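Please find below my notes on the model you sent. They are set out as numbered points, to be read beside the structure.

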Amino acid sequence: MSSPFVVLPIIFQLFLAVLLMFCWTQKNLQKLISVVGSLVAVIISVVLFAAVWKEGIYTTQAGNWVAPFGITFVADTFSTLMVLLTTLAGLAVSVFSVGSVRNARIKFGYFPIYHFLLMGLNGAFLAGDIFNLYVWFEIIIISSFVLITIGGEKAQLEGAVKYVTMNLLASVVFLTAIAILYGLTGSLNMADLSLKVAEIENRGLVNVTAILFLVGFGIKSAVFPLYFWLPASYHTPPPAISAIFGGLLTKVGVYALIRVFTLIFIPDEFMINLISGMAAITILSGGIGALIQNNLRKIFSYLIICHIGFMIAGLGIYTETALIGSVFYLTHDIIVKTTLFMVAGLIFKIKGTYSLRLLGGFYKEYPKLSLLMSISLFSLVGIPPLSGFWAKLFLIEGGLSVGNYWLVGFILLGSFLTLFIIAKVWAGVFWKDSIHIPVKMQVKYFHELKPLKRQAMVGSIIFLSVLSLSIGFGAEYVIQVASKVAESLMNPQDYIHAVLGQTN
Amino acid sequence: MKTLIFKTASNYLLPLLLLFAVFILLRGHYLPGGGFVGGLIASIAFVIHSFANGLETTRKIIKFHPGFLMPVGLTIALVAGAAPWLFGMPFMTGLWMDEPIPVIGLVGSALFFDTGVFLVVIGVTLTIIFTISEGL
Amino acid sequence: MNLYDYLYYVILPVLAISTVIIFIRFLKGPTLSDRVVSLDLLLTTGIGIIAVYSIHTDQPTFLDIAMILALIAFLGTVAFSYYLEKREKNE
C-alpha cells in the first residue's frame with residue numbers, strides 16, 4: 001500500500017531539529033520542545049505501527065520516481081517496530097537529558113543534534129534502498145561524532161577518536177560493498193536486489209560482497225573481531241548520550257544485518273557457520289570482558305557486546321523461531337540497555353563515581369531507587385517473567401530444532417556470565433557496605449539539582465522500567481509481533497511485492 | 001592584510017561573486033551547479049572580503065550571525081520537500097509551474113530545495129571559517 | 001593546421017611540461033613562499049588545461065569549473081599569504 005506519510009517519523013524529527021535550532025539560545029524552551037516533540041513522535045510512530053499492523057506493508061517513493069529507480073521508503077512490521085522503539089527510547093532519553101545534561105552542552109546545540117541523530121535512526125529503519133541506508137548511517141555517525149565530543153573533555157576526545165576512526169572504516173567497507181553490489185546487479189533497491197542477487201551465477205563474488213556487508217555492519221554493531229572501539233568510547237560521553245548510544249546505535253547495525261541477510265543475501269551453509277561462529281565468540285568475549293571490568297559503564301559496554309552476540313546468534317541459527325528470538329531480544333535490549341546507562345548515570349550523579357570498588361551501600365540509603373534499578377538489571381539477566389527470558393527461550397528453542405547445540409551452549413554460557421556480572425554489580429553497588437567517597441568539586445551532585453531535574457531523571461527510568469516490565473508480562477503480544485516479523489523476514493515475497501508490485 | 005589593491009578589489013569582488021553564486025544556483029537543475037556549489041562560492045566571497053578588510057567589517061556587512069542561515073535554509077528545504085504532501089504526492093516530488101518566468105526560467109519546488117541547501121552551506125561554511133579565524 | 005590541432009599539439013604539451021617544471025619548483029622550495037607561489041601557478045596551469053579541454057570537447061560548462069577553480073586558487077593564495085604575514089608578525 002502506498003502512502004506519502006511513511007516518511008513522517010523522519011521528517012518530524014528534522015522539523016524538531018530545525019525548530020530547536022531557531023531557539024539556539026533559549027535552554028528551557030529547547031528542553032520543552034524536545035520533550036513535547038518526542039512525545040508527538042511516539043504518537044506518530046504508534047499510529048504508523050498500528051496502520052502497518054492492520055493493513056500490511058506501506059511504501060512511498062520519494063520524488064514519485066517508480067520503484068527500482070527512485071528511493072523507496074518501506075514501513076513493514078519490523079521497521080515500524082524499530083521506529084516505535086527508537087521513539088520510545090528517544091522520549092526517555094530526552095526527558096533524562098532535561099535532568100542530566102549540563103547547560104554548557106545545551107549551549108553547543110545538544111538537543112538539535114540529538115534530534116538529527118533520531119532522524120538518522122528512523123531513516124535507517126525505514127529505508128528501502130541500500131544506498132539510502134548508507135546515507136542514513138552517515139547522518140547517524142556524523143550526529144554521534146558531535147554528541148560524543150560535545151563538551152570537549154579530555155577523556156571524551158580520546159574515546160571519540162577511536163569511535164570516529166572505526167566508524168569511518170566501517171562506512172568505507174559498507175560503501176565498497178554497495179559499489180560491488182551495484183556493479184553486479186545494476187540496482188540499489190533492496191527488494192529489486194533480492195530478486196537480482198538470487199539470479200547471479202557467480203556465487204563466489206556474491207559471498208565476498210556478503211562478507212563485506214558483514215564486516216561493515218559488524219563494525220557498527222560491534223561483533224567479535226571488530227568490537228574493541230565500543231568499550232573504549234561508550235564510557236566517556238555524558239550519561240544521556242551513552243544511553244542513546246548503548247540502546248540504539250549498535251542495534252541499527254543488527255537491524256541492517258538481519259535485513260540484508262534475510263532479504264538480499266540468503267545465507268548458504270558457509271555464511272551460516274561464519275555468522276554463528278562470530279555470534280558465539282562475541283558472546284564469550286563480551287561476557288569475559290565485562291567480568292574483569294571495574295567501571296560500571298565499561299561493564300555495561302561489554303554487556304552490550306555480549307548481548308549483540310545473542311541477536312546475531314538468532315541470525316546464525318536462521319530459523320523462524322530463532323528470528324523471533326532475535327527480534328524479541330532486540331525489542332527488549334533497546335529498552336533495557338538505554339535504562340541501564342541511565343541508571344549508571346543516576347548512580348554517578350548520586351555518588352560521584354562509576355567505580356565498583358568505591359560504590360556501595362546503595363540499597364541501605366536509597367531502597368526505592370534500588371528496587372527501581374533492579375528491574376532493568378534483572379530483566380537483563382532474563383529471570384522469568386522479566387523481558388529477557390522469553391527472547392532467550394526462543395533462541396534456544398530455535399537452536400535445538402536445527403541441532404546447533406554448541407551455539408545453544410554459548411547462549412546459555414552468555415546468560416550465566418550475565419547473571420554472574422549482574423550479581424557482582426548488585427553486590428558491589430547495592431549490598432556492600434558504603435565507604436566514604438571523597439567529594440568531587442566539579443561534579444554537580446544529585447541532591448544539589450533542582451527537584452524538577454531530579455524528577456526528570458528518575459521519571460525517565462521509571463518510564464522505561466515500566467515498559468520493560470510490560471514487555472515481560474505482556475510477552476504474549478510482543479511474541480505475536482515478533483513472530484509476524486520473523487515470518488515476513490523468512491518469506492520476503494510480501495516485501496518485494498509491496499515495493500515493486502505497483503510498477504508491474 | 002593591509003594592501004590597498006586587494007582591499008579595493010575585494011569590495012568589487014564581493015557583489016560580483018555573489019551574483020555568480022546566484023547564477024550557479026539557478027543553473028543547477030540541468031547543468032553543472034546547484035545549491036551546494038553556489039553556497040560555497042558565496043561563502044568564498046565573504047571569506048575573501050574578510051581577509052582583505054578584517055573579520056569585523058565582514059560581520060558588519062552580514063549583520064546577523066551566519067549560523068542563523070542554517071535553520072532558515074533547512075526550513076526552506078523542508079517546506080519545499082513537504083509541499084507535495086498538500087497535493088497527496090510523495091515527499092520531494094517535483095512541483096513545476098506551467099509558465100516559465102523570464103530570466104529565471106521554469107520554477108519548481110526543486111529550486112526552493114536548492115535555495116535551502118544554498119543558505120545552509122553559506123551558514124555552515126561561514127560559521128566554521130569565522131570561528132577558526134577568530135582563534136588564529 | 002587548424003585551431004584544434006594547434007591546441008592539441010602545441011598548447012597542451014606546453015602546459016603539461018610547465019606543470020612538471022612548476023611541480024619541481026614546488027618540491028624544491030626552498031622557502032614556504034616559493035611553494036605558495038608555485039602552488040598558485042600550478043592551479044593556474046590547471047585552469048589553462050581545463051580551458052583547452054573545454055574548447056576541444058566543445059563543452060562551455062567546463063569553463064565555469066575553470067572559473068571556480070580560479071576562485072579557489074585565489075582564495076588559497078590569499079589565505080596562505082595571510083597566514084605567512086601573521087606568522088612573521090608573531091616571530
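**Notes on chains A, B and C**

1. Buried residues make up 58% of the 504 residues in chain A. Here a residue is buried if 20 or more other C-beta atoms, placed from the backbone, lie within 10 Å of its own.

2. This is a predicted model, in which local features need pLDDT of at least 70, side-chain atom pairs count only at pLDDT 80 or more, and totals for chains, interfaces and linings use all residues. Residues are numbered from 1 along each chain as its sequence is written, while chains are lettered from A and ligands numbered from 1 in the order in which they are written.

3. The model scores ipTM 0.90 and pTM 0.91. For chain C the mean pLDDT (the predictor's confidence in each residue, from 0 to 100) is 89, and 100% of its residues reach 70 or more.

4. Chain A has 21 helices and 2 strands; these are DSSP runs, H or I of at least four residues for helices and E of at least two for strands, numbered from the N terminus. Its C-alpha atoms fill a box of roughly 70 × 55 × 40 Å along the principal axes.

5. Of the contacts in chain A with a separation of 6 or more, 81% are between residues 24 or more positions apart. Two residues are in contact if their C-beta atoms, placed from the backbone, lie within 7 Å.

6. Where chains A and B touch, the contact takes 13 residues from chain A and 14 residues from chain B. On the chain A side, helix 1 of chain A gives the most, with 6 residues.

Notes. A residue is buried if 20 or more other C-beta atoms lie within 10 Å of its own, exposed if 12 or fewer, and partly exposed in between; C-beta atoms are placed from the backbone.
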